[in-house]
Every structure is written in C-alpha cells, then in structure tokens.
Amino acid sequence: YGPETTGPDGGAWWVISYNDPVPVDMLEGADEPKLAVAGAPANELPKFSRPYDWDQIELVVRTGGGTILEGFLSSDEAEAANSGIDQYLTANTDKGKPVSGSATYDMFLGHRTVRLHGLAEKIPALRTVLANEVLLEGAERLLKPKADSILLNAGELIQIGPGEPAQYLHRDSDSWPHLPIEQDPVIVNFIVALDPFTRENGATYVATGSWGWDRHRQPKDNEFARAEMGVGDAILFRGDLLHGGGENNSNASRRGLSLSFCAGWLRPVENSFLNVSLDTVKSLPPKLQAVLGYSAHNAVAQRGGMLGLYENGDPGRVLTSENGAA
C-alpha cells in the first residue's frame, strides 16, 4: 500500500508479501529491476521493409540491439493466426493464467495477461508462423557465432489485458544467470504484433544498447525505445536487452507472439517435449522439428561434443520410426 510518504524526490511505499519477496526498487541503488516509466521520452527503433537487408539487420541487432521488421506477416497470415487464437481462447477460457507456483514470478507474468506455450499443439494455425523461414533463418544467422544449432526457447502468446501495469524490466538471458553477456548473443527474440502496438495499449519497452551495460545499471527515461507496430510487424532484438511489456491503459487487450530462440546447447525455458505431442511433431516441417528439440547439437568441429542424443544418435530418428521407438 502507499505512498506512505512523498516529497520532491519521489515517494516511499510499503509492500507486504505473504510468500516471495516482491521485487520493487524501493531504495536508491537497489539492484532489483524497475518498472518502465509511462510517457517517458523514447528512442526510435530502426525499421526495415521487405525484402529485408540481413547484412544491415544483423549489424543493427548486434550493436544497438533491436529493429522492427515491417510486414513480417502478411495480412492474411495475421488474420489466420488471430482466428486460430480466438477459437482456442473461446473454447479454453481457463487457460493462460499465471500458475508458476511463485507469487513473484506470477506478478512478473501478469495477472491480467494471457500467456500460452505449446502453440504448435494448441493452435494449429500458428504452425506456419513458427516455421516461418525469415524467423528461423534470422535466428540461425544471429546465433551462429555461438552455436551451430538453435532451439525454440519459448513460443508464447502474450495478450496483455486492460489495466495491466508495466512489466518489470528484465533480460531473457537471465534465465541462465551465470552466462556472461558478450558481443554475440546466445538468445534472440521476435515479438510479432497481432494487434496494433501503441503506447496506450502496452507497446514493449526496449532499452537499446543495454546488452553492453553493467549488469546492475538501470535505463534512464530517455534510453527507452517503444515497439510501436502495425499488425503483422515484428520487433527483432537480442534477448540480453533490458525490456518489458508496457502498461495497457486502453480498454482492449493487446495481442502478440513472443518467439525466442537460444543456442542449441542451452536448456530452453519452454519444455517442448511435454508441450507438443509426438504425433503433432511428426506432422511439422523438419526445421521446426529440429528447433523443438528433435535434433542433436554438434560441436565436434569446435573440439566439443554432441548434446541431445537419442540412443547415441540423432533424436530425429524417433519421428520416422514406428511407435516412436528407434
């Protein structure tokens, strides 16, 4: 509750939690992430139209951290995706609520936000989006210096409801907190707009250049960019950038797809082996099968080893054998 006290330098609040500590930046110099600032001045994200210039896109993402890809999905593709999502949510009104078991993490996910994993299983209309060549080849290109294979880290529907506050700023790379942040990222994200992304309805905050900052540095108000996009556009950014969903001050939900990819030697956030049935995986394009985990990571050429083996070999064999047995 609060504010308890206010003054020219701000206010102080008391926060009571029955379970986990609530990550609110209450003290000057505290290390906890802060909420994005509504109405703060913003930098502009560079934009690219089709046909995409991948040499320039790669340069922009590696240095500043992010860019907007205009027309990533066609209007027909976006309409088909929205139709499939609508059908699923209408039939499953109880799905997508935060139930992580951690009060703090559920607050981070958002109590007015619908989040779905296992999209290839739940919403067949999204399989073509997950298998999009620009998506997979762009992720492969950006992660190539760190890995010869990639995995889907998380394929997520994120539908931010009216009244949801801004999300705590975070780095997706902090799923692996012991990894250093270097020039070459180990994770890249695409957020695809299926509704217009505006400042009013929660366009994503991104602190450009923050991958190169000290871990504990928080962005100043004028160091944010906002991912304002039309339907079908996508923001592509390094997953080690500070970012967060914006506050939704509109009277309608804001829908997007967050599709992140990590180096093939990392354990992803989403457990695709459990979220997507074997029968469904067998029906998917080979490249999508591979990023769902039905491929081995091979680092022999770098004097490393192989990861993800099934019976000492390629796990993809399980997709072509009877009853899933090699």
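Because the model is predicted, local features need pLDDT of at least 70 and side-chain atom pairs count only at pLDDT 80 or more, whereas totals for chains, interfaces and linings use all residues. Residues are numbered from 1 along each chain as its sequence is written, and side-chain values use heavy atoms, with hydrogens and water left out.

Biologist: In what order do the seven strands of the open sheet stand?
Modeller: Helices (H or I, at least four residues) and strands (E, at least two) are DSSP runs numbered from the N terminus, and two strands count as paired if DSSP finds at least two bridges between them. The pairing in this open sheet is mixed, and the order of its seven strands is β4-β5-β11-β8-β13-β7-β6.

Biologist: Which strands stand at the edges of that sheet, and why is one side of each left without a neighbour?
Modeller: Strands of a sheet pair through backbone hydrogen bonds, either parallel or antiparallel. An edge strand here has a single partner strand, so one side of it is left without a neighbour in the sheet, and this holds for β4 (47-48) and β6 (113-116).

Biologist: How many bridges join β7 and β13?
Modeller: In β13, the bridge partner of I160 is R254. The two strands, β7 and β13, pair in the antiparallel sense, and the number of their bridges is ten.

Biologist: Which residue of β13 stands opposite I187?
Modeller: I187 belongs to β8 (residues 187-193), which pairs with β13 (residues 254-263) in the antiparallel sense over seven bridges. The residue of β13 opposite I187 is C262.

Biologist: How many residues of β7 are buried?
Modeller: Buried means under 20% relative accessible area, exposed means over 50%, and partly exposed lies in between, for a 1.4 Å probe and protein chains only. By that criterion β7 (residues 150-160) is largely enclosed by the rest of the structure, because the buried residues number eleven of the eleven.

Biologist: Which residues cover the two faces of β6?
Modeller: In a regular strand the side chains alternate between the two faces of the sheet. Strand β6 runs antiparallel to β7, joined by four bridges, and Q159 of β7 is the bridge partner of V114. Both faces of β6 are covered by buried residues, with T113 and R115 on one side and, on the other, V114 and L116.

Biologist: Which side chain makes a polar contact with that of R115?
Modeller: R115 lies in β6 and is buried at a relative accessible area of 16%, standing opposite I158 in β7. A polar contact is a pair of N or O atoms within 3.5 Å; within protein, one must be able to donate a hydrogen and the other to accept it, and residues adjacent in sequence count only if both atoms are side-chain atoms. At 3.3 Å, the side chain joined to R115 in this way is that of E156.

Biologist: Is Q167 buried or exposed?
Modeller: Q167 sits in the loop between β7 and β8, and R115 is among its contacts, where contact means heavy atoms within 4.5 Å. With a relative accessibility of 12%, Q167 counts as buried.

Biologist: What is the distance between the side chains of R217 and E223 in their polar contact?
Modeller: R217 lies in the loop between β9 (205-207) and β10 (224-226) and is partly exposed, with a relative accessible area of 29%. Not counting residues up to four places away in sequence, R217 touches E223 and L242. For R217 and E223, the polar contact between side chains is at 2.3 Å.

Biologist: What do the buried residues of α1 pack against?
Modeller: The buried residues of α1 (54-63) are W54, I57, E58, V60, V61 and R62. The partners of the buried residues are β4, β5, α6 and β11.

Biologist: How are α1 and α6 oriented to each other?
Modeller: Axes are lines fitted to C-alpha atoms, for helices over the stretch in contact, and angles run from 0 to 180 degrees between N-to-C directions. The axes of α1 and α6 are 11 Å apart, at an angle of about 55 degrees, and the contact involves W54, D55, E58, V61 and R62 of α1 with V134, G138, R141 and L142 of α6. Angles under 35 degrees count as roughly parallel, over 145 as roughly antiparallel, 65 to 115 as roughly perpendicular and the rest as oblique. The two helices, α1 and α6, are therefore oblique.
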